[in-house]
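Please read it beside the sequence and the structure.

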Amino acid sequence: VYGRGSADMKAGCAVALVALRILRDSGVELDGDVTAQLIVDEEAGGNGTLDAVLAGRYPPGSACIMLEPTSPDVLLISGRGAQFFRLRVPGQEGGTEYYRDLVNAIDPAIVLFEAVKRHALMREASVAGSELYASHGRQKVPLAITTFQAGAWPSTLAGEAVLEGTIE
């Protein structure tokens, strides 16, 4: 196994498949079924696993072993999931001499940026006492805008601002 994520999730996937083969080949009898659910790009959603759960492919009482090598001393009992998002904020492009008459997309985008930061703090507070997130450190349910692009020229008001981020 080589490439981006080799020592991260890809190695875990390889270990899981080898372990399942060893169980099968050694004739071990289990009390239930074992299924390998491997996620392509779990940092961008893992929606295949969500779909499998919603479709009922995992009956009540099922368990999951996550092979993410977060720490050798931590056994996690929950996963955050992740979804990327893009926000497009319209404005009115024009020369800076019209800054009082036109909407510079950067102004409402900054308001939106600050609102997302406040919402992130609220989300963190909502899970502060939950045992499900006890091992996730300080940022238990991350939400952040991570890119901010606006404008086409230094002397022109931005006609659009694009903010991207992740919610987990």
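Two strands count as paired if DSSP finds at least two bridges between them. With 7 bridges, β3 and strand β5 (residues 160-167) are joined and run antiparallel. The model is a predicted one. The chain holds 3 helices and 5 strands, and 21% of its 168 residues are buried.

**Overall make-up**

- Read from the N terminus, the order of elements is α-α-β-β-α-β-β-β.

**The sheet**

- Three strands make an open sheet in the order β1-β5-β3, and the pairing is antiparallel.
- The edges are taken by β1 (83-90) and β3; each has a single partner strand, so one side of each lacks a neighbour in the sheet.
- From one strand to the next, the twist averages 20°.
- The antiparallel pairing of β1 with β5 spans 8 bridges.
- Ala161 in β5 has Val89 standing opposite, and Ala150 also stands opposite Ala161.
- Glu164 in β5 stands opposite Thr147.
- In general, strands of a sheet pair through backbone hydrogen bonds, either parallel or antiparallel.

**Salt bridges between strands**

- A search of the whole structure gives 5 salt bridges.
- One of them joins Glu164 to Arg86, with 2.7 Å between the closest N and O atoms.
- This pair links distant parts of the chain, as Glu164 is in strand β5 and Arg86 in strand β1, 78 residues apart.
- Glu164 has a relative accessible area of 23% and is therefore partly exposed.
- Arg88 and Glu160 form another salt bridge, whose closest N and O atoms are 3.4 Å apart.
- Because Arg88 lies in strand β1 and Glu160 in strand β5, the pair ties together parts 72 residues apart in sequence.
- Arg88 counts as exposed because its relative accessibility is 52%, a value over the 50% cut-off.
- Glu160 is partly exposed, at a relative accessible area of 37%.

**Salt bridges elsewhere**

- Glu114 and Lys117 meet through their side chains in a salt bridge, at 3.8 Å from N to O.
- Both residues of this pair, Glu114 and Lys117, lie in helix α3, 3 residues apart, which is about one turn of the helix.
- Glu114 is partly exposed at 32% relative accessibility, and Lys117 is partly exposed at 44%.

**The aromatic pair**

- The whole structure contains 1 aromatic pair, according to the search.
- Phe113 and Phe148 make up this pair, which is edge-to-face, with 6.5 Å from centre to centre and 65° between the planes.
- The pair links distant parts of the chain: Phe113 belongs to helix α3 (residues 106-126) and Phe148 to strand β3 (residues 143-150), 35 residues apart.
- Phe113 is partly exposed, having a relative accessible area of 24%.
- Phe148 is likewise partly exposed, with a relative accessible area of 34%.

**The nonpolar surface patch**

- Leu23, Val28, Leu30 and Val34 make a nonpolar patch on the surface, and together they have about 310 Å² of accessible area.
- Leu23 is located in helix α1 (residues 6-26).
- With 31% relative accessibility, Leu23 counts as partly exposed; a patch takes residues with over 30% relative accessible area and no salt bridge.

Definitions and conventions. Residues numbered from 1 in each chain as written. Predicted model: local features only at pLDDT ≥ 70, side-chain atom pairs only at ≥ 80, totals over all residues. Heavy atoms only, no water. Patch = residues over 30% accessible without salt bridge, like charges linked within 9 Å, V, L, I, M, F, W, Y side chains within 5 Å. Areas by Shrake-Rupley, 256 points an atom, 1.4 Å probe, with all protein chains shown as cover. Salt bridge = Lys/Arg side-chain N within 4 Å of Asp/Glu carboxyl O. Helix = DSSP H or I, 4+ residues; strand = E, 2+ residues; numbered from the N terminus. Buried < 20%, exposed > 50% of the residue type's maximum accessible area, 1.4 Å probe, protein only. Phe/Tyr/Trp six-rings, centres within 6.5 Å; stacked < 30°, edge-to-face > 60°. Axes fitted to C-alpha atoms, helices over the stretch in contact; angles between N-to-C directions.
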